[in-house]
Amino acid sequence: MNAPLVAFEDISIAFDGRTLLDQISMTIDAGEIVTLIGPNGSGKSTLIRTLLGLQTATSGKLTRDKNLRIGYMPQKLHIDSTLPLTVKHFLGLVRGVNKADILPTLERLGIAHLISSQVHVLSGGETQRLLLARALLNQPNLLVLDEPVQGVDVNGQIELYNLIENIRNELGCGVLMVSHDLHLVMAKTDTVVCINQHVCCSGSPQHVTEHPAYQALFGVPGSESIAIYAHQHDHVHAEDGHVVSDPQQHKPHQHSASCNH
Ligand SMILES: Nc1ncnc2c1ncn2[C@@H]1O[C@H](COP(=O)(O)OP(=O)(O)OP(=O)(O)O)[C@@H](O)[C@H]1O
């Protein structure tokens, strides 16, 4: 079996006597999608900063594959809105980028038509795709995505998670992502690690959602008021709302000013 791309072993971080991370152990393999979940302030970003080498652990061991190349997608794009900067120029600023890769990468992410657009006019979903494009231009074997669907509506979130899964399938890279969404991301994840300073539980999405520590933090799955499901509307409702078995017998209702529903 191949060694993991990254292995955290008992990583702890403390500041001024306060523990931010407590003996975190986890691994990320090539081709594996790992999702990090946890409440606000639980240490998710601190763990990512440690992986990126921006934060030093107080104790423990972090092992990185010697060929590790990280493509990092931050939570937000911080660019002065008065600064004229097109998508093409923005991506051209990536260190060591092969400029010939820019257009194919934008095409892969479905935003090639935006190549000459100003970065600050992009919508939330377009901005997330641009940040993902920037991360991919590094030719990464590990994608680190900090809340990749932030500011994106539900349909856009589903599309982005599909895109991330397709990229993993094509490149065979590992993916570590932080998510606050507990529903959509689960279907696209191999391993979930739930942290609250320490690792509360980890494993397959099903294992984690059934774990008492997860349920203590996020509640029991299925008890939420919002359920995401695909509704196959293969029937017709009559005026009083009851289901008509043979849709052909009933013409669709035409709404008018007298409608009160
Ligand atoms: N350099 C630092 N010095 C002191 N405290 C820090 C430092 N960095 C982070 N913290 C604290 O560590 C805790 C964990 O922060 P972190 O940003 O890692 O949490 P998070 O799980 O990513 O939160 P969120 O979901 O809100 O983004 C917070 O209480 C934060 O104030």
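Author: Strand β3, residues 33-37, has five of its five residues buried, so it is largely enclosed by the rest of the structure. The model is a predicted one, and the description below should be read with that in mind.

The side chains of β3 can be sorted by direction. In a regular strand, side chains alternate between the two faces of the sheet. Here Ile33, Thr35 and Ile37 point one way from β3, while Val34 and Leu36 point the other way, and all are buried.

The strand has a partner in β7 (residues 174-178), with which β3 pairs in the parallel sense over four bridges. Within that pairing, valine 34 stands opposite leucine 176 of β7. β3 also pairs with β8 (residues 191-196), again in the parallel sense and over four bridges. There the bridge partner of threonine 35 is valine 192 in β8.

These pairings belong to an open sheet of six strands, ordered β5-β6-β7-β3-β8-β9, with mixed pairing. Its edge strands are β5 and β9 (198-203), each of which pairs on one side only. From one strand to the next, the twist averages 15°. Helix α4 packs on this sheet, where α4 touches β5 and β6, and the direction of α4 makes about 165° with that of β5.

Helix α4 covers residues 124-136. At 1.5 Å a residue, its 13 residues should span 18 Å, and the end C-alpha atoms are 19 Å apart, which agrees. The helix is mostly covered, with 11 of its 13 residues buried. Among the buried ones are Leu130, Leu131, Leu132 and Leu136, and also the charged-type names Glu126, Arg129 and Arg134. The cover over the buried residues of α4 includes the strands β5 (70-73) and β6 (142-146), together with the helices α2 (87-92), α3 (102-108) and α5 (154-171).

Next comes the ligand. The residues around the ligand are Phe15, Leu20, Gly38, Asn40, Gly41, Ser42, Gly43, Lys44, Ser45 and Thr46. By type, this shell divides into two nonpolar, seven polar and one charged. Helix α1 (residues 44-51) gives the largest share of the shell, three residues.

β1 (residues 6-15) and β2 (residues 18-28) run antiparallel and are joined by seven bridges. The bridge partner of phenylalanine 15 in β2 is arginine 18. The hairpin of β1 and β2 has two residues between the strands, and aspartate 16 there takes a positive phi near 50°.

Lysine 61 has 11 other C-beta atoms within 10 Å; since a residue counts as exposed at 12 or fewer, lysine 61 is exposed. Its C-alpha atom is separated by 26 Å from that of glutamine 139, a residue 78 places away along the chain.

Last, the chain as a whole. It has seven helices and 11 strands. Of its 261 residues, 30% count as buried. Among contacts between residues at least 6 apart in sequence, 65% join residues at least 24 apart.

Definitions and conventions. Residues numbered from 1 in each chain as written. Predicted model: local features only at pLDDT ≥ 70, side-chain atom pairs only at ≥ 80, totals over all residues. Buried ≥ 20, exposed ≤ 12 C-beta atoms within 10 Å, placed from the backbone. Contact = placed C-beta atoms within 7 Å. Pairing = 2+ DSSP bridges. Expected span 1.5 Å × (residues − 1). Near = placed C-beta within 6 Å. Axes fitted to C-alpha atoms, helices over the stretch in contact; angles between N-to-C directions.
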